[in-house]
Amino acid sequence: MTTSRPGVRPRSGSWPTQADVARVAGVSQTTVSLVLTGQGVASRRVSEAVRQRVLRAIDVTGYSVNLAAQSLVGGRTSIIGVYTFESVFPTEAADFYYPFLAGLEAEAESLGIDLLLFTSLTRRGRTGIQRLRTADGCVLLGRHSSETDLADLVRQGLPFAFIGRREAHGHTVPYAGADYAAATAEVVDHLLDLGHRRIAFVSAYTGHVSAADRLLGYRRATARAGTRAVVFDGAETDAGDVIDEVRAAGMTAIVAASDMADALRRAMDDRGLRIPDDMSIARLGDPETVVDADLQWTGFVIPRVEMGAEAIRIVMRQLSDAEDVLTQVLIPCEFARGSTTGPPAAGSQP
């Protein structure tokens with residue numbers, strides 16, 4: 001059975017439109033648009049009485065489902081947007097990004113707010129970022145973020161937080177990040193405690209903030225120990241070449257970014273070598289692509305659930321209008337003692 005609201009003739013299969021609101025309020029559709037946008041000199045020509053009439057018509061027609069109208073009626077939408085710079089939403093629970101979203105959802109539910117997924121901003125180009133203002137604030141995630149977009153958001157004053165540490169020259173970007181530098185240093189210290197003195201660092205993502213943080217932790221730990229830093233990084237890094245060079249140089253351990261660890265493991269297998277008997281390898285975080293779980297990697301676990309939850313809290317702190325709110329948070333990673341590291345092989349070079 002179809003029911004209708006007073007003064008509105010329902011249209012089959014359609015949501016109420018601005019035209020419906022205008023008809024109920026007895027004003028032009030232009031006036032409705034001015035009330036909804038609430039911005040500019042033209043909007044000030046609408047009297048308060050007419051504005052209230054339009055808002056009542058919004059409620060009567062059901063057009064209050066429009067987020068802009070809700071923000072006018074209630075001040076805020078109680079909705080936080082979620083936007084990714086590339087397609088990252090999971091297809092299964094084991095997906096790398098699933099825990100981030102689980103943390104977002106759990107924290108939003110505990111605070112009594114809703115999440116709104118934005119999917120079309122990339123197709124629209126940089127101007128699409130303006131659509132994030134539909135919500136009270138926004139959480140952003142993804143490896144391929146735009147520094148220009150982040151700087152624009154900071155300048156515009158939109159409450160937001162990135163999941164993962166991000167930078168934009170000259171601007172303070174709010175983020176909930178993992179403390180990769182401290183976690184990497186802890187892994188290197190573990191190898192040093194086992195007796196390794198020649199430890200290589202391997203990554204394939206030169207220049208990315210997360211890779212830079214890991215490299216920073218590695219350099220700090222090797223500097224404290226008085227050992228020489230040896231770095232293999234870059235998009236063209238070949239795992240087989242790394243294994244050959246590391247062994248030829250008498251090195252006994254590798255700390256590898258998560259994108260390289262399994263490739264190094266396969267290169268060891270191809271050469272008839274065993275981990276950790278012939279080489280200790282520690283993995284610096286969780287891989288984005290699911291790999292065989294027959295090895296228990298030594299390394300650290302990224303606090304993905306906590307990062308998602310903290311990103312929501314950062315946005316909400318900005319919305320609180322309090323002064324000097326904490327907008328940049330690094331969350332400790334959990335050290336994982338697996339089976340891929342051990343003492344240096346007998347007879348290896350010191």
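Me: Which side chain does the side chain of Arg166 make a polar contact with?
Reply: That's Ser145, at 3.0 Å. A polar contact is a pair of N or O atoms within 3.5 Å; within protein, one must be able to donate a hydrogen and the other to accept it, and residues adjacent in sequence count only if both atoms are side-chain atoms. Keep in mind that this is a predicted model: local features need pLDDT of at least 70, side-chain atom pairs count only at pLDDT 80 or more, and totals for chains, interfaces and linings use all residues. Residues are numbered from 1 along each chain as its sequence is written, and side-chain values use heavy atoms, with hydrogens and water left out.

Me: Is Arg166 buried or exposed?
Reply: Buried, with a relative accessible area of 10%. Buried means under 20%, exposed over 50%, and partly exposed in between (1.4 Å probe, protein chains only).

Me: Where is Arg166, and what does it touch?
Reply: Arg166 sits in the loop between β4 (160–163) and β5 (175–178). Leaving out residues up to four places away in sequence, Arg166 touches Gly142, Arg143, Ser145, Leu150, Val173, Tyr175 and His208. Contact here means heavy atoms within 4.5 Å.

Me: OK, zooming out. How many helices and strands are in the chain?
Reply: There are 13 helices and twelve strands. They're DSSP runs numbered from the N terminus: helices are H or I with at least four residues, strands are E with at least two.

Me: And how much of the chain counts as buried?
Reply: 49% of its 350 residues.

Me: Which residues have the most contacts inside the largest nonpolar core?
Reply: Ile254, Val255, Leu264 and Ile281, in a core of 67 residues. α9 gives the most to this core, with seven residues. A nonpolar core is a set of buried Ala, Val, Leu, Ile, Met, Phe, Trp, Tyr and Cys residues joined through side-chain atoms within 4.5 Å.

Me: What is Ile254 in contact with?
Reply: Setting aside neighbours within four places in sequence, its contacts include Leu191, Val202, Leu264 and Ile281. There's also a second, separate core of 15 residues, with Tyr83 and Phe160 among them.

Me: Let's do α10. What span should it have?
Reply: Helix α10 has 17 residues (209–225), so at 1.5 Å a residue it should span 24 Å; its end C-alpha atoms are 25 Å apart, which agrees. The expected span is 1.5 Å times one less than the number of residues.

Me: What covers its buried residues?
Reply: The cover for α10 includes α9 (180–193), β6 (199–203) and β7 (230–233). Among the buried residues of α10 are Val209, Leu215 and Tyr218.
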